[in-house]
Amino acid sequence: MPQLQDPLLIAGFEGWGNALNVSEGMVSFLIRELGAKRFARVNPDPFYRYDRSRPFVNVKEGILDEVSMPGGAFYVAEARACGRDIVVLRSEEPHLRWDYFMDLLFSLCQELGVVSIFTIGSMYDNVLHSDRIVSGMASDEALFSKIQQRQVIPITYQGPSAIHSIIHLKAQKRGFQSLSLWCHCPYYLEGTVHYGLLANLGNLLSFFGEFELNTQEMEHKWTKLNRQIQELIDGNPELQTMISEIRKSDVRTSWAGMKGTMKKSQKVIKLDDYISSR
């Protein structure tokens, strides 16, 4: 068990709240950029249905080489120059036994000395690819005031929930400070990672968490990807019309955009069929 200094836990999940791979992509970026090391795994047996998330096998010339189970892992990065360490949870969203998952998560947090928990989510919304819209909810007035200062939109929402909300609820009951940030992704894009949202989210996390994070790599990737997206739009009148309608919409920058404004007949562009995001 690592010995940590004023640790912060940041959690991202594959699954329902991972539009354009922003949630899982953000924690993967943190692990890589901060040089985080794995120190614990999530036991998959109590939490995952293998018929929904099947083990991944690697067979080489008739020999079983590796079996990777669903689940997740905890990583730790020392950031002593900033006066705190960062714990990262990268995991699939559990299918089962969320209460038990919470008990183990918060027990681990207490043992590590974690007092603040941030969760990262992303969803499709009636927004443009050039937007960098983030919504959030905080556990206390001081943190809520900080997110408003950074133009994070307070969440007002009723509907199905991801595990992020349950973590937030349990954290408040157990006396942890918690923050949930949600990126709004353009519903007309699929098949890529939105590096612009990742860069913006990284800057927000480092500000709220009071640690340093270099997001220049993400900004560079977004500059290239944005140029490719714009070239695709410029050559497609149907896309131009759809984007013009979004610009006129009065529900942008609101969670209302996720609920009644998207039409099933509207075009969805799978970017990996057209461009490379590398």
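Predicted model: local features only at pLDDT ≥ 70, side-chain atom pairs only at ≥ 80, totals over all residues.

I began with the crossing: helix 1 passes helix 5 in a right-handed way, meaning that the near helix is turned clockwise from the far one by less than a right angle. I noted that helices (H or I, at least four residues) and strands (E, at least two) are DSSP runs, numbered from the N terminus.

I then listed the contact (heavy atoms within 4.5 Å): Val 22, Gly 25, Met 26 and Leu 30 of helix 1 meet Leu 197, Leu 198, Leu 201, Gly 202 and Leu 205 of helix 5. These residues divide into 7 nonpolar, 2 polar and no charged.

Residues are numbered from 1 along each chain as its sequence is written, and side-chain values use heavy atoms, with hydrogens and water left out.

Next I looked up the axes: those of helix 1 (residues 22-34) and helix 5 (residues 195-209) come within 10 Å and cross at roughly 60°.

How buried is helix 1? I found 10 of its 13 residues buried (under 20% relative accessible area), so helix 1 is largely enclosed by the rest of the structure. Among them are Glu 24 and Phe 29.

Last, I checked phi. Leu 20 is not a glycine, yet its phi is positive, about 50°; Leu 20 sits in the loop between strand 1 (8-14) and helix 1 and is buried, at 5% relative accessible area. Gly 35, which follows helix 1, also has a positive phi, near 65°.

Terms used. Axes fitted to C-alpha atoms, helices over the stretch in contact; angles between N-to-C directions. Nonpolar A, V, L, I, M, F, W, Y, C, P; charged D, E, K, R; others polar. Buried < 20%, exposed > 50% of the residue type's maximum accessible area, 1.4 Å probe, protein only.
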